[in-house]
Amino acid sequence: MSRRALTLLVAGFLVLALGVAGAFLPVPYVVLSPGPTENTIGEVDKKPVITISGHQTFPTKGALRLVTVAYQGGPSSRIDLLTALRGWVDPTVAVVPEETIFPKSRSPKEVEEENTVEMTNSQDYATAAALTELKIPFGMKVSVASTQKGKPADGKLKPGDEISEVDGKPVVNVKTVSEAVKAHKPGDAVSFTVMRGKDKSQVSVPTVADKGQAVVGVIMQESYKFPFKVDINVGDVGGPSAGLMFSLGILDKLTPGEITGGKDIAGTGTIQASGEVGPIGGIAQKMVGARKSGATVFLTPPDNCAEAMKAVPDGLRLVKAETLHAAVSALEALRTGKGDVPACAAG
């Protein structure tokens with residue numbers, strides 16, 4: 001073999017070796033794929049997802065499925081380039097920058113804690129929304145769940161602090177506090193009126209910039225005093241996106257008749273105590289999971305409709321759900337064949 005041929009052969013082996021090695025290098029991306037679904041009027045590990053004590057309940061039928069997204073990757077367990085490439089060619093999954101799931105401004109532990117708080121909040125919001133829809137009165141307060149280490153609120157606001165006013169204006173819910181803070185310019189101070197135990201005080205907290213918006217680094221939760229007990233068991237699921245399906249499950253158990261009409265219904269969306277449905281992430285993967293589980297109807301937040309229309313699986317009907325009341329009305333129309341069923345439209 002000539003020297004030139006040998007050189008080319010060695011070079012080829014080196015390129016191949018580098019290519020193989022490069023395929024296994026960790027990359028800062030996360031793979032999102034369809035996750036499992038849970039029937040909110042069914043059971044998980046032989047335990048009801050929703051248990052109501054102290055109020056009359058009624059039999060249910062069919063399914064009201066919450067949907068999830070599974071993820072692979074993250075700062076502590078990065079995927080390799082080969083896994084990312086496989087994800088890019090698979091239409092049922094999405095490959096997104098790591099910062100989408102794990103912002104650099106928060107540690108993975110903080111993200112996990114925030115997801116846990118959001119799930120707890122979503123369960124309370126769902127109960128509040130269902131009771132609001134049924135015109136059953138209840139009490140509410142906004143309190144500090146935790147503060148982010150190194151942010152201005154750390155050391156100034158404490159877990160358990162009840163926030164009654166922001167900049168002198170009464171607090172209605174968590175959203176009003178968040179909006180009041182974001183209305184400031186980074187560097188401005190925000191005045192919080194808090195109850196710490198029996199002591200009422202004014203706490204001034206400076207803001208810092210996070211993605212161009214003013215933040216103080218506080219994670220809040222709405223605490224409710226309901227006239228009866230609602231327990232929700234979903235296992236290892238985090239985030240706020242199951243709120244709509246929780247509220248429908250609670251409402252179905254509190255009212256006679258079957259809200260599903262025996263159909264397999266899936267859906268997603270955050271929920272406010274007022275019943276307003278908000279957007280979520282991973283809609284394409286959630287629809288795939290819903291269809292695989294047998295769902296034929298998918299309740300969709302209005303802000304996700306355009307994206308959902310581009311990726312809806314065959315056999316899945318998209319129904320736009322702006323509020324809990326609208327979702328209930330749409331399901332009634334599907335069940336009875338009377339009335340309008342609002343559909344998603346491509347944006």
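**Close-up views of a predicted model**

View A. Trp88 has its place in helix α2, which covers residues 81-88; here and below, helices (H or I, at least four residues) and strands (E, at least two) are DSSP runs, numbered from the N terminus. The model is a predicted one, in which local features need pLDDT of at least 70 and side-chain atom pairs count only at pLDDT 80 or more, whereas totals for chains, interfaces and linings use all residues. Residues are numbered from 1 along each chain as its sequence is written, and side-chain values use heavy atoms, with hydrogens and water left out. At a relative accessibility of 44%, Trp88 counts as partly exposed, a class that lies between buried (under 20% relative accessible area) and exposed (over 50%), as found with a 1.4 Å probe and protein chains only. Together with Leu81, Leu82, Leu85 and Val89, Trp88 forms a nonpolar patch on the surface, and the accessible area of these residues together is about 460 Å². Patches are made of residues with over 30% relative accessible area and no salt bridge, nonpolar side chains (Val, Leu, Ile, Met, Phe, Trp, Tyr) being joined within 5 Å and like charges within 9 Å. The areas come from the Shrake-Rupley method with a 1.4 Å probe, and for residues only the protein chains shown count as cover.

**View B. The nonpolar cores.** In soluble globular proteins, nonpolar side chains tend to be buried together. The largest nonpolar core of this model has 65 residues, and those with the most contacts inside it are Leu157, Phe192, Leu244, Leu248, Ile250 and Leu299. Such a core is a set of buried Ala, Val, Leu, Ile, Met, Phe, Trp, Tyr and Cys residues joined through side-chain atoms within 4.5 Å. When neighbours within four places in sequence are left aside, the residues in contact with Phe192 include Leu157, Ile163, Val166, Val177 and Val181, and also Ser201, Gln202, Val203, Val205 and Val216, where contact means heavy atoms within 4.5 Å. Another core, of 13 residues, lies apart from the largest one, and Met287, Phe298, Leu316 and Leu318 are among its members.

View C. The structure holds five aromatic pairs; rings of Phe, Tyr and Trp (its six-membered ring) pair if their centres lie within 6.5 Å, and planes under 30 degrees apart count as stacked, over 60 as edge-to-face and the rest as tilted. In one of these pairs, the ring centres of Tyr125 and Tyr224 are 6.5 Å apart and their planes stand at 90°, so the pair is edge-to-face. Because Tyr125 lies in helix α4 (residues 108-133) and Tyr224 in strand β14 (residues 218-225), this pair ties together parts that are 99 residues apart in sequence. Both partners are buried, Tyr125 with a relative accessible area of 9% and Tyr224 with one of 15%. Tyr224 also forms an edge-to-face pair with Phe138, at 5.7 Å centre to centre and with 65° between the planes. This second pair links distant parts of the chain, 86 residues apart, since Phe138 sits in the loop between α4 and β7 (139-147) and Tyr224 in strand β14. Phe138 is partly exposed, its relative accessible area being 28%. Tyr125, Phe138, Tyr224 and Phe226 form one aromatic cluster.

**View D. Salt bridges.** Six salt bridges are found in a search of the whole structure, each being a side-chain nitrogen of Lys or Arg within 4 Å of a carboxyl oxygen of Asp or Glu. One of them joins Glu98 and Arg78, whose closest N and O atoms are 2.9 Å apart. The two residues are 20 residues apart and belong to distant parts of the chain, with Glu98 in helix α3 (residues 98-101) and Arg78 in the loop between β5 (63-73) and α2. Glu98 is buried, at a relative accessible area of 9%, whereas Arg78 is partly exposed, at 44%. A further salt bridge, 3.8 Å from N to O, brings together the side chains of Lys320 and Glu322; Lys320 is partly exposed at 26%, and Glu322 is partly exposed at 43%.

**View E. Two loop residues with positive phi.** Asp45 is not a glycine, yet its phi is positive, at about 55°. Asp45 lies in the loop between β2 (43-44) and β3 (47-48) and is exposed, with 72% relative accessibility. Lys211, in the loop between β12 (208-210) and β13 (213-215), likewise has a positive phi, near 55°, and is exposed, with a relative accessible area of 73%.
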